[in-house]
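Here is a short briefing on one model. Have the sequence and the 3D view ready.

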Amino acid sequence: MIQRREFDQNLNELRELLQTMGEHVEHALVEAVAALKNLDSKRAKEIIERDHDLNQLEEQIMDLGSRLIVTQQPVAKDLRRILVAFRISSDLERMGDLAIDIAKVTMRLEGQTLIKPLVDIPKLAELVVLMIQESLQSYLDENTDLAYKMAKDDDEVDHLYSQTITDLYKIVIDHPESLHQAMSLTLVGRYIERIADHATNIGESAVYLVTGHRPDLNH
Amino acid sequence: MTTAIQIEQLNLFYNQFQALKNISLEIPQKAITAFIGPSGCGKSTLLRTLNRMNDMIPGTRVEGAVRIGGQDIYGEAVEVETLRKRVGMVFQQPNPFPKSIYDNVAYGPRLHGITSKAQLDEIVEQSLRQSVLWEEVKDFLKKSALSLSGGQQQRLCIARAIAVHPDILLMDEATAALDPISTLKIEELVQKLKDKYTIVMVTHNMHQAARVSDKTVFFLNGEIIEADETSKLFSTPQDSRTEDYISGRFG
């Protein structure tokens, strides 16, 4: 059926757009943390400037998905593919915004020296990058096992996040003058932890795509 | 939900050909049940077993039971005329009699012995009101039914079917020959009628089944593949053949 072939091609296009968005977000997070580690505000600024591409990709997904709903009147899994694309693109867009928030912290800290060498935050980011990759892979391969496995990593993220906060509090107690920077770094930890939550949402979308039921992976 | 029609282990043969295979199904009362499936899957055949329309086809043999109100309609004591009064039918092509609008609707009640003009007037008006045609024809009741548009003719046929107060209304692709506006009117009408009647419809239009019905039954090669609440069947079908069909992968 010719019409169905075109529909399948369009659904695949949605999938590819999401994959591109995912790669974009992953890159933005890696770059944002690298820029923070070196307090490189030029690098941070580049991340902010590239956000426009991510927003455009999200718009493309909304346009294509809406067009397919109107023209193809999809049902069952076809409909879920489109609904899931809307949801994942919105999660990815938020993740991109959070990477920008990290870059903005770097720009605010311009000219300062870090109160401690960053170890936990890059470690946290590394774990979250893996979650982004796995959540998208679970969607692309329709692999629910991978989605559940990825959600377990979120527990490790939460643990690492609270450890980071505790360490920063300790520094503030000993060196009250570092309060401002410590609070900024606490926010960075919070942003990364939020990105992980969105990755978990993507995993939920992957499970919903396959089963038609949305689990709560973020508990 | 109460069951209006209980189909048990139904097999139907046209001579050597088995058109329905081991059908068991419950059709809920005062709800709309849609039969879908590709051509030749048995959906119209099953619909026609519900008021024994297949009796007219030579070489037809039916095994199993179709119970309406607990009684097997293929039982010996059943009179087909009485059955068809309880189970009305509307066809794909509107088929009004070449008579006036009034006489079309009054035909069934007269056949069942009603002669009082006042009573017939009341039935005609009520039936035409229920089929949402009254306002369009109330001043032309003596006009030929054939002068009506296709959509109006189909609503007249529905009025004619409900004039004898059936419990069940069967619709065999009742909107297939109509334009989109007339189709929409019939769909709205059917939604209203389910307050009073049990409706079973065969449709080639899957989106119509999704829009209108409460329960959907998917047929393939004379078998029921899946029967479920419409919203479930169209969102999370349990059988991959159902998913393929409703997603336009075959048929």
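A salt bridge is a side-chain nitrogen of Lys or Arg within 4 Å of a carboxyl oxygen of Asp or Glu. Between chain B and chain A the count is one salt bridge. This is a predicted model: local features need pLDDT of at least 70, side-chain atom pairs count only at pLDDT 80 or more, and totals for chains, interfaces and linings use all residues. Residues are numbered from 1 along each chain as its sequence is written, and side-chain values use heavy atoms, with hydrogens and water left out.

**Interface of chains A and B**

- The salt bridge joins the side chains of A:Asp78 and B:Arg249, at 3.7 Å, N to O.
- The contact (heavy atoms within 4.5 Å) takes eleven residues from chain A and eleven residues from chain B.
- About 890 Å² is buried between the two chains; this is the accessible area (1.4 Å probe) that two parts lose on being put together, summed over both.
- Carbon and sulfur atoms give 49% of that area.
- In chain B, B:His207, B:Thr236 and B:Arg249 lose the most area to chain A, together 43% of what that side buries.

**A:Ser138**

- A:Ser138 sits in helix 5 (residues 120-140) of chain A; helices are DSSP runs (H or I, at least four residues), numbered from the N terminus.
- A:Ser138 counts as buried because its relative accessibility is 0%, where buried means under 20% relative accessible area (1.4 Å probe, protein chains only).
- A polar atom of the A:Ser138 side chain lies 2.6 Å from the backbone oxygen of A:Ser135.
- Not counting residues up to four places away in sequence, A:Ser138 touches A:Asn143, A:Leu146, A:Ala147, A:Gly203 and A:Ala206.

Methods:
Chains lettered and ligands numbered in written order. Helix = DSSP H or I, 4+ residues; strand = E, 2+ residues; numbered from the N terminus. Buried < 20%, exposed > 50% of the residue type's maximum accessible area, 1.4 Å probe, protein only. Polar contact = N/O pair within 3.5 Å; in protein donor to acceptor, adjacent residues only side chain to side chain.
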